[in-house]
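Subject: Structure handover

Hello,

Here is the structure I said I would pass on. Please look it over before reading the notes below it.

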Amino acid sequence: HRVMWLSLALLLSVAYASRLPGLQSWLESTTIQLNGVHLIEHTDSTKGIGLAASREIQHGETLLVVPLDYVLCSASVQASSIGPLLEELSITGRSALAVFILHERAKGASSKWSGYLQALPDESSLNVPMFWSTEELKELHGSWVKDRTMADMEGITYDYQRVFTENLFVYHPEIFSEDVYTLESYLWAWCTIWNRVYNYEERPGKWESFIPPIADFVNHHSDAQLEYKIQISRVQKKESSQGTSGFLRTFTLISNSTYAKDEEIFRRYLPFTTTNDMLRLFGFYDTTSTTSKAYLDLQLPNNEALAMKEEWLKKNDLSDYEYPYNDKYFIFDQGFPQEVVAWLRVYFEKVDGQTLSSLPNPNKLISDENERSVFQGLKDIVQDHLNQYRTTLEQDEYKTKSITDFTRLTRQQLATLVRRDEKRTLVKSIDTLGTRKIVLGEGDAADIPFKDLKGKDDL
């Protein structure tokens, strides 16, 4: 298996000017500390900037230290000239960070982050589906990636109207020009945050998003286990029920492995990476991951019988298996989630108000007839989902066989690979039901393979 170098965003333009010299010059003007590592730029068409070892690196070594002064986070926003007016207009969180990034980019050379921001992929370079054309998005029809991309765009568009159209353009037009702060630029700022953000739990349930320059250029590998640590300085900002506010002091990147000289340093972008997540958020196909996921919509009708069963589940402390009929489930390569099979066992059991109290625990095999109904129901749901794609699995398998260079993928090829992976997951989920034992919970469980159920060998 060949290890592919994956950059934060796939840049398709051949006529691409190197961004590394400007970034390197900016880095030398800061107090950011590199220890035994240096910036690199790949020579293929992706032109991705990354981080590599300048010497042998040992486990536990500090590779990079970024002081608070250079980290883009809520503290940076609050300390800036636009911080007070954003707070006054209740523009907070990632919305405020997105505005702040755009404001610093608009300042050009006068911005403290000028060289860094110029090194980031711009709107014309980002390859995430949010920047695909309508025709290109059609290649993802039926895919969860397209559905989620459209939802993302709708949400950011709504936020743009709230932040800019209804507030900043109205109350501060002298700072925020409609020609500069466009919807496209706001989409870019949000994608930049998604691409480059690290998260820190300031206190239980309270997460801080921050972008540490240089560390955000570390490229992805699904097996990487790079660690990072946050040092916190407690500052009394104002009296509140939560006590003091915690501000990021420094960001420290620590090696969790050994590296040879000139070996590239990697991190894993998401705790659990799937190929369709990587395309949606980062714009590339992850050849280091073999996992995909798909959405299943059970499409159960909202009727009185369904409502009674949901109520029964609650009363019997089985609410974990309650399934909102208009929601969806993720399924991965391992097959159907436990709660999907359990809930369908309840759904297909024929009971009414008088016999509902005798409904068996869905962790147990209820009957052969019930189990056959569940299996057939799942097959129908999966087939319905497969029918939503514009191509078959066989067609996508054939198309992807001809792909040999994963560093120069077209958007059509990206879509084909992701479609193929989702369909493989869907088909495998049915194969898993037909050939393996279904185990739900501990102790009492269904241990009869679906294919061995009495009277239905043809299943």
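Predicted model: local features only at pLDDT ≥ 70, side-chain atom pairs only at ≥ 80, totals over all residues.

The chain has 14 helices and twelve strands. Of its 459 residues, 53% are buried. Counting contacts in the chain between residues at least 6 apart in sequence, 71% join residues at least 24 apart.

Helix packing

Helix α4 (residues 93–106) packs against helix α7 (residues 144–171): their axes come within 11 Å and cross at roughly 65°. The crossing of α4 past α7 is right-handed. On the α4 side the contact is made by Ser95, Val99 and Leu102, and on the α7 side by Asp159, Arg162, Val163, Phe164 and Leu168. Sorted by class, that contact of α4 with α7 has five nonpolar residues, two charged and one polar.

Helix α12

Helix α12 covers residues 368–386, which makes 19 residues. At 1.5 Å a residue it should span 27 Å, and its end C-alpha atoms are 27 Å apart, so the two values agree.

Loop residues

Most residues other than glycine have a negative phi.

Ile214, in the loop between β6 (206–210) and β7 (219–220), has a positive phi near 80° and is not a glycine. Its relative accessible area is 0%, so Ile214 counts as buried, the cut-off being under 20%.

Asp262 is also not a glycine, and its phi is positive at about 75°. This residue is in the loop between β9 (245–254) and β10 (264–267). Is Asp262 buried or exposed? With a relative accessibility of 51%, Asp262 counts as exposed, because the cut-off for that class is over 50%.

Thr30 is buried, with a relative accessible area of 13%. A polar atom of the Thr30 side chain lies 2.8 Å from the backbone oxygen of Leu27.

Regards

Key
Residues numbered from 1 in each chain as written. Heavy atoms only, no water. Axes fitted to C-alpha atoms, helices over the stretch in contact; angles between N-to-C directions. Helix = DSSP H or I, 4+ residues; strand = E, 2+ residues; numbered from the N terminus. Left-handed = near helix turned anticlockwise from the far one by under 90°. Contact = heavy atoms within 4.5 Å. Nonpolar A, V, L, I, M, F, W, Y, C, P; charged D, E, K, R; others polar. Buried < 20%, exposed > 50% of the residue type's maximum accessible area, 1.4 Å probe, protein only. Polar contact = N/O pair within 3.5 Å; in protein donor to acceptor, adjacent residues only side chain to side chain. Expected span 1.5 Å × (residues − 1).
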